[in-house]
Amino acid sequence: MRRFFSFLFCTGTLFGKAQSRLDVQGHRGGRGLMPENSIPAMLNAVKLGVRTLELDCVISSDGKVVVSHDVYMSSAFMLKPDGTEISKTEEKQYALYKMTYDSIRRWPEGVKLYPQFPQQARVSTYKPLLADLIDSVENYVRLHHLKPVYYNMETKSTPQGDDIDHPKPERFVTLLMEVVKAKGIGDRVIIQSFDPRTLQVLHQKEPRQYTALLVENREGFEANIADLGFDPTIYSPNYRLVDADLVKKAHERKIAVLPWTVNEEKDMQSLAALGVDGMISDYPDRLVRLFGSYQQ
């Protein structure tokens, strides 16, 4: 299969090539600017010139793939269907895996002020189906004669959450890939996860699909790859874990390095100097300002 370095503009300094444009990814669509994981966020990211839309996937009780980071209705930024607040103590009662999508669709997002992101626009929206989000983005790109954009989709799963917060990895991967295949965008999709199990299932069933191992532990590059059991397309660590040695080791194995979540411009510049292949940010406008728009 094509390696990610050709998939990405041959960015970075691998093979002696000068670094060109980084893969700018809008974290949850760019939640510093718009309600997270929403269709308005994704369209705004495309307008900004983001190349890759980073998003999260969960499963509803009726087997629909829903775009959401949390596996429940978060009290931080969601409201009940009647517009009342969700208390912190009750939020986990509203598990999405126990709700049909028709019910999930009725819970408003973007209306309540999200204190963590005070610049976020107030836009009344909701948790969309992955299929509907893809349709909206693809239609927007075609209408405005833009370059096709890419998707980085995270499976929100843990061993402790099997059959409680989400289906087991095999079922999760099947449902997600059914949507990707139906939309015909597989060559523009990365599947990422902190849960090695979903990536292992994907690698076994769909070995040509791009994969990204998300990392927040300090076990080190070699140990994490060994635990995964194969070389993913991308190694995606917390940005604080990235140093020159990590980038060198990954590039020697032709694995791209894509740190998250990089929000300060000084960190963006430092990581670019280390030769990372892209960055995930809540503020993709800052990355575009520094490194250029994908659409230019």
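**Figure 1. Salt bridge between Arg-289 and Glu-265 in the predicted model.** The side chains of Arg-289 and Glu-265 meet in a salt bridge, with an N to O distance of 2.5 Å. The pair links distant parts of the chain: Arg-289 belongs to helix H10 (residues 284-291) and Glu-265 to helix H9 (residues 265-274), 24 residues apart. Arg-289 has 54% relative accessibility and therefore counts as exposed, the threshold for that class being over 50%. Glu-265, with a relative accessible area of 27%, is partly exposed. By the rule used here, the count comes to 21 salt bridges.

**Figure 2. Salt bridge between Asp-135 and Lys-183.** The closest N and O atoms of Asp-135 and Lys-183 are 3.0 Å apart. Asp-135 is partly exposed, at a relative accessible area of 31%. Lys-183 also counts as partly exposed, at 30% relative accessibility.

**Figure 3. Salt bridge between Asp-23 and Arg-51.** Here the side chains of Asp-23 and Arg-51 meet with an N to O distance of 3.6 Å. The two residues are 28 residues apart and link distant parts of the chain, Asp-23 being in strand S1 and Arg-51 in the loop between helix H2 (39-48) and S2. Is Asp-23 buried or exposed? Its relative accessibility is 0%, so Asp-23 counts as buried. Arg-51 is buried as well, with a relative accessible area of 2%.

**Figure 4. Strand S1 and the strands it pairs with.** Strand S1 covers residues 23-26. Asp-23 and Gln-25 point one way from this strand, Val-24 and Gly-26 point the other way, and all are buried. In a regular strand the side chains alternate between the two faces of the sheet. S1 pairs in the parallel sense with strand S9 (residues 278-281) over 4 bridges. In that pairing, Asp-23 stands opposite Gly-278 of S9. S1 also pairs in the parallel sense with strand S2 (residues 52-59), over 2 bridges. There, Gly-26 stands opposite Leu-53 of S2.

**Figure 5. Surroundings of His-27.** His-27 lies in the loop between S1 and H2. With a relative accessible area of 8%, His-27 is buried, since the class requires a value under 20%. Which residues is His-27 in contact with, leaving aside its neighbours within four places in sequence? They are Glu-54, Thr-261, Ile-280, Ser-281 and Asp-282. His-27 and Asp-282 are 255 residues apart in sequence, yet their C-alpha atoms are 4.9 Å apart in space.

**Figure 6. Salt-bridge network that includes Asp-282.** Asp-282, a contact of His-27, is part of a network of salt bridges.

**Figure 7. The largest pocket and its lining.** The largest pocket has a volume of about 320 Å³. Of the 18 residues that line this pocket, the closest to its centre are His-69, Val-71, Lys-156, Ser-157 and Thr-158. How many of the lining residues are nonpolar, polar and charged? The lining divides into 4 nonpolar, 7 polar and 7 charged residues.

Definitions and conventions
Residues numbered from 1 in each chain as written. Predicted model: local features only at pLDDT ≥ 70, side-chain atom pairs only at ≥ 80, totals over all residues. Heavy atoms only, no water. Buried < 20%, exposed > 50% of the residue type's maximum accessible area, 1.4 Å probe, protein only. Pairing = 2+ DSSP bridges. 1 Å grid on protein atoms, 1.4 Å probe; cavity = no way out; pocket = protein on both sides within 12 Å on 5 of 7 lines; lining within 4 Å. Points joined across faces, edges and corners; volume = space filled by probe spheres on them. Nonpolar A, V, L, I, M, F, W, Y, C, P; charged D, E, K, R; others polar. Salt bridge = Lys/Arg side-chain N within 4 Å of Asp/Glu carboxyl O. Contact = heavy atoms within 4.5 Å.
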